[in-house]
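Good morning, and thank you for joining. I would ask you to keep the structure open while I speak, beginning with the ligand and its surroundings and then turning to the backbone.

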Amino acid sequence: ALSTLAGAAFAEYPEKPITIVVPFAAGGPTDKVARDLGEALRTKINQVIVIENVGGAGGTLGASKVSKAAPDGYTLLLHHIGMATSPALYRNLPFKTLEDFEYLGLINEVPMTVVGRPTLPANNFAELMKWLEANKGKVNLANAGLGAASHLCGLLFQQSVKIDMTTVPYKGTAPAMNDLLGGQVDIMCDQTTNTSGQIESGKIKAFAVTTTKRLTTPTLAKLPTLDESGMKGFNVSIWHGLYAPKGTPKAALDKINTALKAALKDPEFIKREEALGAVVVTDNRVNGADHKKFVEAEINKWGPVIKAAGQYAD
Ligand code: MLT
């Protein structure tokens, strides 16, 4: 009786705007995916989608806020691989990734690029390597904090080149990009959703992509992979998923997941994503249960890598 009551109460869901929390600053790659997805979701779920940016602590502040939000279907989280790396990075993470969220489906996978400030005296990967060697101890690498995709990629990159760099954390890679453009930081590993426009306009240097296959967009196709540039096996692409607080009624979860699946098939959404090098998920990970299994596997994959690097936030 209770479940039918809850079901009945949610028959009208959603009756008011739905907020999607983005745990990084506006204008960055996570925000970009959220706004494009929100636009596609709006017509599928027939409700206004509000994007709320809650930056800080590599995405864990925003994730924590949603883990504690009312489980009523009106506060969701759009987050990325940080959901899988934060458990190893933060000893006192204020939420449990697998227990405190309902899993609503995986959205896309986004390659990353190693980019540099416009004044960096290197115009290809080999020259970047020479410059890094010659400037050991003075290199500033920007990221969006421990738990960010740019942190994970920067960590793996430093391990591969065997050069420790000073990392400069920001509330997202949008503000980080401003400092890269201004020359305040030297290099960054950031998602193509944020870098391909700047690369295309020649405003930043671009050295390589982090996937094992070259990308196909005109701007990014000319970039070598790190794998072919000597970093054998380097393979990082950033997945984004949608989450609700644990306990959100199934009636609401089902409506959101149905709308998500339709949005991921929306030609305009797919066009925008592919134009920036991203790949929209079409396999079973669009289902909540498979999305959760995938995140659990990613926690088990990245945990040892991060622990081996000895990086903890607290
Ligand atoms: C990251 O590095 O995790 C993201 O690029 C942060 C962002 O979306 O700004």
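Three elements each supply at least two residues of the shell around the ligand: helix α2, residues 29–45; helix α6, residues 149–161; and strand β7, residues 187–191. Please bear in mind throughout that this is a predicted model.

The shell as a whole comprises 13 residues, and the closest are T30, H80, A149, S150 and T173.

Let me now turn to individual contacts. In the side chain of T30, an N or O atom is 2.5 Å from an oxygen atom of the ligand. The side chain of H80 likewise places an N or O atom 2.6 Å from a ligand oxygen. With A149 the backbone takes part: one of its N or O atoms lies 2.7 Å from an oxygen atom of the ligand. On its own, the ligand has 270 Å² of accessible area, and the protein covers 100% of that area.

I move on to T60, which belongs to helix α3, residues 60–67. Is T60 buried or exposed? T60 counts as buried, because its relative accessibility is 6%, and the cut-off for buried is under 20%. T60 and G147 are 87 residues apart along the chain, yet their C-alpha atoms are separated by 7.2 Å.

Finally, some remarks on backbone geometry. Y13 and P14 are joined by a cis peptide bond, with omega at about -5°. P14 itself is found in the loop between α1, residues 2–9, and β1, residues 18–22.

Two residues other than glycine have a positive phi: for A57 the value is near 50°, and for K162 it is about 55°. A57 is placed in the loop that runs between β2, residues 49–53, and α3. K162 is in the loop between α6 and β6, the latter spanning residues 166–169.

The cut-off for exposed is over 50%.

Thank you for your attention.

How values were computed:
Residues are numbered from 1 along each chain as its sequence is written. This is a predicted model: local features need pLDDT of at least 70, side-chain atom pairs count only at pLDDT 80 or more; totals for chains, interfaces and linings use all residues. Side-chain values use heavy atoms; hydrogens and water are left out. A residue is near a molecule or strand if one of its heavy atoms lies within 4 Å of it. A polar contact is a pair of N or O atoms within 3.5 Å; within protein, one must be able to donate a hydrogen and the other to accept it, and residues adjacent in sequence count only if both atoms are side-chain atoms. Accessible areas come from the Shrake-Rupley method with a 1.4 Å probe; for residues, only the protein chains shown count as cover. Helices (H or I, at least four residues) and strands (E, at least two) are DSSP runs, numbered from the N terminus. Buried means under 20% relative accessible area, exposed over 50%, partly exposed in between (1.4 Å probe, protein chains only).
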